[in-house]
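Reader: I'm new to this structure. Could you pick one part and take me through it slowly?

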Amino acid sequence: MTQRRVRRGRIVLGALAVLVAAAVVFAVKTLSGGLPDRVYKLETACGGTTYDDAAPYTGPGPHPVAIFMPTEFGELFVVGPTMPDRSDWAAANPEDPAAVQLVACGTVESERRSADLVCGGYGAMVGRSTAVPMARATYRIRVYELRTHRELRSVLVEGEDTRCPPSISADSPPERLISELTAAQWQPVLADLVEAAPR
């Protein structure tokens, strides 16, 4: 009887030890630097999360950067700008989180509206037409080293891309759209950090 209880107690303790070990591994991977499995999940770096196992920002370029900019609803989304000639800028559009060395995070600092900047005709195919004003947004863009959250740059840029999106949500349209940065505007913000060796 006593031996059976001891054996049962050891099994329970063993199971608890396995659960605790799994919880510790999970916490280490998610709370203290474990890289996520998708680039878009690096968004937390904009809030100060560091990733101990991120690629170091050292040596010659390129230094891949994940770029997060706000939508008209306030959420951050991944932006992958092209080169000004519309060719691919691979270092600014990485697919593997393990390759990312830098993160660029945008916030809207101010907006400027004008009566002539309106996007319209949404919903016309279903019998209702919605027009949405567009604001010229000025962004604060901060560039951080992903591994340490060390700030490398902070700049103000007004988005010059005022092209209307081809569609919006008919159920919950935004109260306004916001301009974005053009491909050419991203170059002075990021090119030297991404393409050259750190100073």
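Author: Let's start with Arg-153, which is buried because its relative accessible area is 18%, and buried means under 20% (exposed is over 50%, partly exposed in between, with a 1.4 Å probe and protein chains only). Before going on, this is a predicted model, where local features need pLDDT of at least 70, side-chain atom pairs count only at pLDDT 80 or more, and totals for chains, interfaces and linings use all residues. Residues are numbered from 1 along each chain as its sequence is written, and side-chain values use heavy atoms, leaving out hydrogens and water.

Arg-153 sits in strand E5; strands (E, at least two residues) and helices (H or I, at least four) are DSSP runs numbered from the N terminus. E5 (residues 151-158) pairs with E4 (residues 130-145) in the antiparallel sense over seven bridges, and pairing takes at least two bridges found by DSSP.

Now for the neighbours of Arg-153: contact means heavy atoms within 4.5 Å, and, leaving aside residues up to four places away in sequence, Arg-153 touches Ile-141, Arg-142, Val-143, Pro-188, Val-189, Leu-190, Asp-192 and Leu-193. A polar atom of the Arg-153 side chain also lies 2.8 Å from the backbone oxygen of Val-189.

Val-189 is where helix H2 bends by about 55°, an angle between axes fitted to the seven residues ending there and the seven starting there. The buried residues of H2 include Val-189, Leu-190 and Leu-193, and the buried set packs against strands including E4 and E5.

Terms used
A polar contact is a pair of N or O atoms within 3.5 Å; within protein, one must be able to donate a hydrogen and the other to accept it, and residues adjacent in sequence count only if both atoms are side-chain atoms.
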